[in-house]
Amino acid sequence: MMADVGIDAILLTGKLALLTTAILLVLGTPIAWWLSQTGAWWKGPVSALVALPLVLPPTVLGFYLLVGMGPNGPIGRATESLGLGLLPFSFAGLVVASVIYSLPFVVQPLQNAFEAIGTAPLETAATLRASPIDTFFNVVLPLAKPGYLTAIVMGFAHTVGEFGVVLMIGGNIPEKTRVLSIQIYDHVEAMEYAQAHWLSAGMLVFSFAVLLILYILNPTGQRK
């Protein structure tokens with residue numbers, strides 16, 4: 001029964017979401033920290049660029065990623081020159097697209113958490129002669145833990161629910177780029193409503209669980 005409803009797509013989606021979330025935490029932390037601390041005039045443009053996937057139609061983002069990573073695009077030429085081949089219609093391409101598309105869902109919670117810390121803990125650490133690295137790992141990160149938990153949940157969940165971007169970049173290759181959302185679409189298109197129901201119901205439960213976790217992590221938000 002599980003094979004009928006797309007176990008391969010479920011496993012591939014989980015793998016993609018886990019890898020994307022891990023990459024986003026590594027890339028998003030310095031971006032969010034810089035945005036929370038800087039007063040530079042170009043903070044606005046950088047913030048807008050990071051948040052662009054929130055308002056840009058996924059197919060538009062996917063189209064330009066497809067062009068950029070294609071044989072005539074700058075990314076495509078670079079990957080080919082490095083012997084990596086082309087990224088479109090590959091799992092690696094899905095990862096790159098997912099990282100870009102889910103970036104604001106990780107950066108923004110981290111930035112909010114860093115800004116909420118304020119300057120007092122940093123000034124106290126400085127008076128104790130703690131280095132900036134020690135301050136970040138021993139003061140900032142523990143205080144920003146709720147933001148990290150939110151970023152992990154949101155980044156993972158958003159990657160699981162992707163459709164337009166992954167379809168444009170990955171296509172629909174079984175066991176390679178066919179993720180859960182595309183599998184559901186295939187079932188509906190083939191009028192296989194029973195299989196589509198199982199996957200969709202699972203996504204519904206998953207989405208509710210994500211929202212529940214977020215409310216548990218941020219109980220004060222419910223009392224505002």
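This is a predicted model: local features need pLDDT of at least 70, side-chain atom pairs count only at pLDDT 80 or more; totals for chains, interfaces and linings use all residues.
**View 1. The whole chain, before zooming in.** The protein chain has eleven helices and zero strands (DSSP runs numbered from the N terminus, H or I of at least four residues for helices, E of at least two for strands). Its C-alpha atoms fill a box of roughly 65 × 45 × 25 Å along the principal axes. Of its 224 residues, 38% count as buried (under 20% relative accessible area; exposed is over 50% and partly exposed is in between, with a 1.4 Å probe and protein chains only). Take the contacts (heavy atoms within 4.5 Å) between residues at least 6 apart in sequence: 70% of these join residues at least 24 apart.

**View 2. α1 against α8.** These two helices pack at an angle of about 140°, with their axes 8 Å apart (axes are lines fitted to C-alpha atoms, for helices over the stretch in contact, and angles run from 0 to 180 degrees between N-to-C directions). Residues to look for include Leu16, Thr20 and Leu25 of α1, and Tyr148, Ile152 and Phe156 of α8. By class, the contact of α1 with α8 has eight nonpolar, seven polar and no charged residues (Ala, Val, Leu, Ile, Met, Phe, Trp, Tyr, Cys and Pro count as nonpolar, Asp, Glu, Lys and Arg as charged, and the others, Gly among them, as polar).

**View 3. The largest nonpolar core, around Leu110.** This core has 26 residues, and Leu110, Phe114 and Val179 have the most contacts inside it (a nonpolar core is a set of buried Ala, Val, Leu, Ile, Met, Phe, Trp, Tyr and Cys residues joined through side-chain atoms within 4.5 Å). Two or more residues each come from α1 (7-37), α5 (91-117), α7 (132-143) and α8 (145-160), with α5 giving the largest share, eleven residues. Setting aside neighbours within four places in sequence, Leu110 touches Gly28, Thr29, Ala32, Gly147, Tyr148 and Ala151.

**View 4. Val99 on α5.** Valine 99 sits in helix α5 and is buried, at a relative accessible area of 11%. Beyond its neighbours within four places in sequence, it is in contact with Thr20, Ile23, Leu24 and Leu27. Leucine 24 is 75 residues away along the chain, yet the two C-alpha atoms are separated by 6.2 Å.

View 5. The axes of α6 (residues 120-127) and α7 come within 11 Å and cross at roughly 155°, so the two are roughly antiparallel. Here Pro121, Leu122 and Ala125 of α6 meet Thr135, Val139, Val140 and Leu143 of α7. With α8, α7 packs at about 65°, the axes being 4 Å apart. Phe136, Leu141, Pro142 and Leu143 of α7 meet Lys145, Pro146 and Tyr148 of α8, a set of six nonpolar, no polar and one charged.

Key:
Residues are numbered from 1 along each chain as its sequence is written. Side-chain values use heavy atoms; hydrogens and water are left out. Angles under 35 degrees count as roughly parallel, over 145 as roughly antiparallel, 65 to 115 as roughly perpendicular and the rest as oblique.
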